[in-house]
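Morning, everyone. Have the sequence and the model open, please.

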Amino acid sequence: MKMKIVILSRGPQLYSTQSLLRAGMRRGHQIRIIDHVLCDFMIEKGQMSVYHNGFLIDQPDAIIPRIGSSVTAKGAAVISQFEAMNRITTVRSMALLQARDKLRSLQKLASCGIGIPATAYLNDTENIRTIIDRLGGLPVVIKLLESTHGIGVILAESFKSAESTVEAFQKLKERVIIQEFIEEAKGADIRALVVAGEVVAAMKRQAQAGEFRSNLHRGASSTPVKLTAQEKEVVLRSTKIMGLDIAGVDILRSSRGPLIMEINASPGLEGIETTTRIDVSSKIIHYLEKRFRFQQDQIKSNKIR
Ligand code: ADP
């Protein structure tokens with residue numbers, strides 16, 4: 001069954017957008033790339049429509065949002081419009097908004113019994129020593145809540161540096177969290193890619209010598225990795241809690257088992273596809289096809305009844 005698919009992306013040339021485009025075209029679907037920042041929409045009783053650059057767009061059967069963190073709210077509003085039009089989406093707007101709020105995500109995961117690095121959120125630095133002691137002592141990791149690519153993730157080895165770092169960020173009106181440092185991870189983390197309740201690919205990222213952040217953008221190297229049964233279970237449970245069918249889950253291997261660091265609702269595909277040689281994009285397209293078939297069957301059976 002051929003579909004009309006819209007990829008919401010600000011960068012038609014980006015690896016992930018291109019990879020999804022090719023995977024969809026190989027299956028014979030009609031694919032269009034639309035910049036969500038250029039979308040206007042109309043909300044009327046029984047009639048919803050989306051305009052791109054001033055032109056009414058043909059209603060797609062499904063959308064694949066690739067929303068960057070700088071335009072989350074705008075992107076979520078566009079996804080929500082398509083949801084109101086009953087279109088299939090690889091990520092629901094509410095799930096995207098929730099996953100983008102790192103603090104809320106950690107609160108939700110921890111409250112559901114998922115292991116995370118012990119984390120503190122400080123109002124000011126008055127009680128920072130007590131908090132650091134509660135986290136298990138020095139060193140600690142200080143993170144900007146708005147951090148990406150590891151910029152704004154700092155290792156503080158003394159109370160003084162932790163205090164001045166947090167103070168500096170707070171002065172800049174940036175929200176920060178403090179985390180216990182998982183030393184046993186040895187500068188490595190794991191990225192697991194989940195599609196429709198299955199871990200379809202996983203890689204280990206190892207930081208460069210002298211660096212604890214294993215972001216590929218920070219020069220880390222990556223290799224395919226096989227997850228343990230426990231890691232798989234935690235990854236799938238976490239994505240379920242976050243209401244995500246498709247996600248990139250970052251794990252630290254600690255002495256007390258896998259700890260979830262972050263869940264990405266719009267995971268990049270370049271690192272994972274080139275490292276593992278697994279065609280994740282095609283798996284995403286298959287997932288959409290399955291949901292589309294299910295939706296069409298439901299429409300048919302309702303009509304017959
Ligand atoms: P970003 O979202 O900016 O990539 P992350 O929270 O993913 O920030 O942190 C960047 C990297 O720093 C991680 O990939 C991991 O290697 C390392 N790191 C982050 N938190 C911890 C921690 N609590 N203990 C040990 N290493 C950490």
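Start with Asn264, which sits in strand E16. Keep in mind that this is a predicted model. Is Asn264 buried, exposed or partly exposed? Its relative accessibility is 21%. Buried means under 20%, so Asn264 counts as partly exposed. Now go along the chain to Ile299, 35 residues from Asn264. The two C-alpha atoms are 32 Å apart.

Strand E16 spans 257-264, and it comes up again at the ligand. Let's go there.

Which residues come nearest to the ligand? Lys143, Ser147, Gly150, Ser214 and Asn215, out of 21 around it. By class, that shell has eight nonpolar, seven polar and six charged residues.

Glu180 places a backbone N or O atom 2.9 Å from a ligand nitrogen. Gln179 uses its side chain: an N or O atom there is 3.1 Å from a nitrogen atom of the ligand. On the oxygen side, a backbone N or O atom of His149 lies 3.4 Å from a ligand oxygen. How much of the ligand does the protein bury? The ligand taken alone exposes 540 Å², and 96% of that is buried by the protein.

E9 gives the most, with four residues.

The peptide bond joining Leu138 and Pro139 is cis, with omega about -10 degrees.

Asn86 has a positive phi, about 65 degrees, and it is not a glycine. Its loop runs between helix H2 (72-84) and strand E7 (88-89). Asn86 is exposed, because its relative accessible area is 56% and exposed means over 50%.

Ala196 also has a positive phi, near 50 degrees. Find it in the loop between strand E12 (188-195) and strand E13 (199-206). At 44% relative accessible area, Ala196 is partly exposed.

How many cavities of 30 Å³ or more does the structure hold? One. The largest cavity has about 90 Å³ of space. Its lining includes Leu20, Ile64, Arg66, Ile246 and Ile284. Ala265 and Ser266 are among the lining residues too. By class, the lining has nine nonpolar, two polar and one charged residues.

That's my list. Over to you.

Notes: Residues numbered from 1 in each chain as written. Predicted model: local features only at pLDDT ≥ 70, side-chain atom pairs only at ≥ 80, totals over all residues. Heavy atoms only, no water. Near = heavy atom within 4 Å. Polar contact = N/O pair within 3.5 Å; in protein donor to acceptor, adjacent residues only side chain to side chain. Areas by Shrake-Rupley, 256 points an atom, 1.4 Å probe, with all protein chains shown as cover. Helix = DSSP H or I, 4+ residues; strand = E, 2+ residues; numbered from the N terminus. Nonpolar A, V, L, I, M, F, W, Y, C, P; charged D, E, K, R; others polar. 1 Å grid on protein atoms, 1.4 Å probe; cavity = no way out; pocket = protein on both sides within 12 Å on 5 of 7 lines; lining within 4 Å. Points joined across faces, edges and corners; volume = space filled by probe spheres on them. Buried < 20%, exposed > 50% of the residue type's maximum accessible area, 1.4 Å probe, protein only.
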